Structure formats: C-alpha cells, structure tokens
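Have the sequence and the 3D view handy.

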There are 2 protein chains.
Amino acid sequence: MKQPLRPGLISRQTDPDNLESLFSSLDGRITPNESFYVRSHFAVPEIDARSWRLRVEGAVARPLSLSSDDIIKMPSATHAGLLECAGNGRVFLSPKHEGVQWELGAVGCARWTGVPLAAILEAAGLNTDAVEIILEAADEGVAEKTSRPAAPIHFARSIPIAEVRQRDVLLAYAMNGEPLPKAHGAPLRAIVPGWYAMASVKWLTRILVSRQPFRGYFQTIDYAYWSAPNGMQPERVPLSELAVKSQIARPAMLETVAARSVYRVHGTAWSSRAEIKKIEVTTNGGESWQEALLLDAPLEHAWQRWGYLWNVPGASGPCTLMSRATDARGRVQPVAHDSNYEGYVIHYTIPVSVQIA
Amino acid sequence: MKQPLRPGLISRQTDPDNLESLFSSLDGRITPNESFYVRSHFAVPEIDARSWRLRVEGAVARPLSLSSDDIIKMPSATHAGLLECAGNGRVFLSPKHEGVQWELGAVGCARWTGVPLAAILEAAGLNTDAVEIILEAADEGVAEKTSRPAAPIHFARSIPIAEVRQRDVLLAYAMNGEPLPKAHGAPLRAIVPGWYAMASVKWLTRILVSRQPFRGYFQTIDYAYWSAPNGMQPERVPLSELAVKSQIARPAMLETVAARSVYRVHGTAWSSRAEIKKIEVTTNGGESWQEALLLDAPLEHAWQRWGYLWNVPGASGPCTLMSRATDARGRVQPVAHDSNYEGYVIHYTIPVSVQIA
C-alpha cells in the first residue's frame, strides 16, 4: 500500500517520515499527490480497511460506528484545501526553535473529496451542551516535549463546534481524484480549511463530541502558545487559524540571477476566510515595493499564485527579495517573526537572498 | 511590616522564601501564625495598603473596585481552613521530582476571617455565561518550567463557579485573630477549603469572572497533571481537591524510641468534604494494622488529630511505622504514590523509620 513518493521531496526526518515539497518547483495551483509534503508525529499506523470503523461518540443522541462503505455512500463534497504546517519556515528563525526544520515547502494545496463533518454530526445528533469536536487518530507514540504524558498517546486535536459550522470541514477519502494515500491519512482524514494543518487529523478513528474544551497534549503543550490579551494573564491557547502569508518560489534561496535579464519572480499567497487583495515585491531588501500580479481568481480555501517581472540590474552582487501579501480584511504580513508564537505561525516576509551575475 | 518567623521553620528555599513547619512539633489543632508554612512563587510584593484595591471585573453586571475599608465593612465570616501544598511530602518520592523538596510540614490549619467570595460575586452580579473565577495576585516573576511564557507573569489560579457555591471560599484578612501576615498574603488572600493550597491565592488584586476555563501557566503547565479517563486521550487537568491523608508527627523520621516503653504515636488527618472516619497505624511495616483514636471532633475544613499508644517491643533494631486514614466517603490512603500526579498529590502511607534502642 505504500505509495511511491517523488524523489523531489526533501527528507527532514525519517522514522517517522517528515517530507518537504520543493517549493521552488511550484507549477500548477494544485499540488500533485506525489509531491505533497508529509507531516507525521508517529509511525504510519497499520489499518485494515475492512475492519476499520469511524466511531462517533460523546455528547450525541445516536453514537455511530461507520465503515468505509457507509461513508462512501453518504453525499460527498469536493473542494480545494490548502494545508500548511504550523512550523513551515521554521529553519529561518533565529534563535532556533525545536521541531522539524522546514524551509518553504511544508505547504500545499489539493482537491479533497469526502463527507462534510457537519453531515456526520447531524446523523449522530449533537446534544445541546456539546462545545467541541475531538478528532482522534490511529497513530500512536510517546510525545516529544518535556511536559508530556508518560504513556503513549494517539494524535488528537479539537475544533469548536462553531468553527465546524462556519468552515467546510471535510472528512476526506480522496485527494486530487485518487484514493487518499496512506501517508496522507487513509482511509479517512479531516480537512479543516483555514486552520494550520495540525487540525486536519489523519488516520481518523474516532470523533468525540465533548462538553468542554479539550486539553490534550497537542493543544496544551505542543501546537499551543502563550496569548496575553491586553491587561490579562497569559493563557495557553491552541494554534488555530492560518495567518496571511505569501512565499517566493523563484528565485530560490541563493539562486544566481543573470544581470540585465527580465526575471519572472513568482509564488503563492493565502489567508484564512479572506481572499488575497494585493501582493507587493521588493528586490532591494525593502527599500521600495512594487505590486505583483495575482494569477488566479479567488477560490475558497485555496492559495492564489502571483507573478512579477523583475528587471534585474546590471551590477553584480548580492540582492534581497521579499514578498508581502494583504488580504481582503486588511491583514498584512509583518516584517519580523512574532516570538510569542515560539516556533509557529511563521508568516513574516522571509528574505530571499540571490546573487546577480 | 515583615513579621518575625519562628526559628523552628525550615528553609527549603530563599529568594523567594519557602519555609516548612516542623511537623514533629505538632501540638494544638490550630497552627500558630509564626510556625505556619510559607509557600511563595515570586518575591513578596510591595503593597501600599492605602492605595491597594481589589478589582472585580469580567463577566459581571457591576465591576467593583474595593478598598480594605470597603471589605472590612462587609459582613465577615470566620472558619477553620487547612492548607496543604500540593507538593507536600515530595522529598520522599523516588525518582525525584523537580520543585521544593518538602518533608511533612507544608501543611497547617488556621482560623481565617474575611468576606465570603460569594458575597463579593453577588455584589458584582455574575453574568449567566460566567463559568470560572480567576484569582489574580500582586506577586510577579518569570515562571520556572520549560513551557513557560517568556515575560514575567502574576500568580493566578481559577475556581469553577460551581465550586465557589459548594465551598465556603473566603477572602481573608485575618489569620488566627491577627491581621493577615505579609508572608501569608496581606492585605487579602483567598482560602479555598478542600483544595490544594495553590488555589488559596495570596496578595489578591483582581478577581476576573471568566466565560471560559482559564488556561494560565499555573493550571496548564505547573499545578496540573495528565488525566486519562477510561478510553480517552490524556488531558492536562489543573490540580484541585485534596486527597485523603494522614501524617505521623511523632515519632519523627529516624527518631530513637526506648525499647519496652509505651510511646504515644500521634499525628493529624484530613480529607476534602468528608470527615475522617478511621485511622489505622502499623508498627511493623504494614504486616498488621491497629486502629488509632481520633482526638478531635469533626470540624468542617479542619484536620483532626489522632493518637495511638504503642507498646514498643524489647528487641533493638529498626522499625517502620505508617498511618492510614479512611474518610466518610470510604476513600483510603494508598500504599504507593500515583505517578500520574508527577510530584503532586503525595498522599500514600509514607513510612516513618525509627530505631528501637
């Protein structure tokens, strides 16, 4: 069952596999399955598709136990969905943060087919006091960080019910028209559009409807940060919504660019629940910014490609490019990483240093 | 303003002071102020009593700002209150756990006078969606454990509103009939009967009525543990209710006891929302247990003293004593520490090794 992965994927970690897309190879709007990044916390679980069940339990009127057949027979939906690891870009941070040292390629955009989570919850009948949906996975292991449970845990993450209602959360069994690959969560994974991808739980086995906010490891210790609203004490808050971001695919870091050429700078940009309104590019380290062209029409939950024709100057030497996205809600990429997010939410305008020759 | 402390207190840490009672000196049911243990997270804050205010904010109809005079004019209540540090007994654990290495003396019982928290909340008028009361203190510093906020924080802890209603939570300004000593939280501290003492926040400055469970450092990282209900993923849960416990005051650890004497073994016992029903003592390392005599009538929120006359055998050599409490709800002290609680909730039957000579 193990799908062959394109040699172009960069191994950031093995056992378990953590594989990065080559972002500089960006081409179409949809990332092919074989070059889609892979983020795993524990080993890929062995799942027998015939005996596998999705259980729906907790604060529901009718607990469910659904086979793959049951799920495939339900009305399906297909939509684009960008997934970005909350640590994408971590290798560029200084000081260093623990975790997988991703460059720009822990992000991708695919078309997902599956059953809306809302339909499953409707079939189960939510109790009125339900507040969160816990997505529990089959993969299991001992957690990494110091404040961890002693025994092995399953990967698990929750979503407030209000968010499930506002977003097209999908339980997906197909990716870009193919059966969902094992590395991407077969037989069933969640797709939570507009949230960092830790919420898009792979290898789903149980949906727990909870009467209180979930305090599992992956939302209190890992994938969480200290938030201190004005005048309040810091509280440990689970990561959730994607921040507005753009990335430069080409030129790649340290690429050599021909003097006096016209170079096609290009990349992608995305945000959460807002289309991208403007992309600006600087080719002189931020002294001046020019507007780039958006190449894709807005499409909900997808990224948009953009391009900019750069008249490369005649003088040889180093040169720094950056891109800056603004979304329809007026949110703009910052110039520096916000250290409150520790090694997560890295959406500042990452400089790309090139050599003109 | 710094009250002199009795030389009998054991320094476990200085800067800030963490001072332990000499539990072997146990005498009356009420612990005198000068020998009451002191637990501090940060330096004692400088508070100007005249300008000090208790603010009551958040999900309330009428935010309040109360001076000491305002509070003293309100109807007062006085009751006993046992305080036990959640790490009391930590020095006996193996493997070692980080934190202050208390023996038996991070516990005491005083009489507290103050205003019921319920009366303050009634004056402010709780909104119907309020779920927790956050108690915020004046003391401030950088937290200790690895997963901590970068900036200094105030000590802060929360109590669910249902608990405030069920317990006689007091905001105390007097301790054993004297003005509350500075080391114990003057001008005002909380007393949360039946909970570990981290909830009895000292140097109160603000009461925040919250619409969601508080996720501050002292309830997600410190003073918290992994709880895994049957079939569920582990969740990080704040410590709360005291566990049933008894301690032997005399003989003290490693005390020499006269052969063929009649030795008065004695100590105290406590639980949460239940009186102590039975104390058993073993003088042979657990081979056999005899019932001890309870010396105090039950008194809500107080400990009960107990005694047992031991006919010390004639043969010299080492000997191990333990005591075991059972409360009115049938809860019994365990024989071993439950490592799920890490370095907290140490209520197993701690052996006292003595020498018969």
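## A strand pair in chain A

V262(A) sits across from N311(A), which belongs to β21(A). The strands here are β17 (residues 262–270) and β21 (residues 304–311) of chain A, running antiparallel and joined by eight bridges. Strands, for the record, are DSSP runs of E with at least two residues, while helices are runs of H or I with at least four, and both are numbered from the N terminus. Two strands count as paired if DSSP finds at least two bridges between them.

Before going further: this is a predicted model, in which local features need pLDDT of at least 70 and side-chain atom pairs count only at pLDDT 80 or more, while totals for chains, interfaces and linings use all residues. Residues are numbered from 1 along each chain as its sequence is written, and chains are lettered from A and ligands numbered from 1 in the order in which they are written.

## The sheet around it

Zoom out a bit and you get an open sheet of four strands in chain A, ordered β15-β17-β21-β20 with antiparallel pairing. The edges belong to β15 (245–250) and β20 (293–294) of chain A; each has a single partner strand, so one side of each has no neighbour in the sheet.

## Two domains in chain A

Chain A is split into domain 1 (10–238) and domain 2 (245–356), with bounds taken from an automatic or database domain assignment. Their C-alpha centres are 28 Å apart. Each domain of chain A puts 24 residues into the contact, where contact means C-beta atoms, placed from the backbone, within 7 Å.

On the domain 1 side, the elements giving two or more residues are β5 (77–84) and β13 (224–227) of chain A. β5(A) provides the largest share, four residues. By type, that side of domain 1 of chain A has twelve nonpolar, nine polar and three charged residues. Nonpolar here covers Ala, Val, Leu, Ile, Met, Phe, Trp, Tyr, Cys and Pro; charged covers Asp, Glu, Lys and Arg; the others, Gly among them, are polar.

Key
Contact = placed C-beta atoms within 7 Å.
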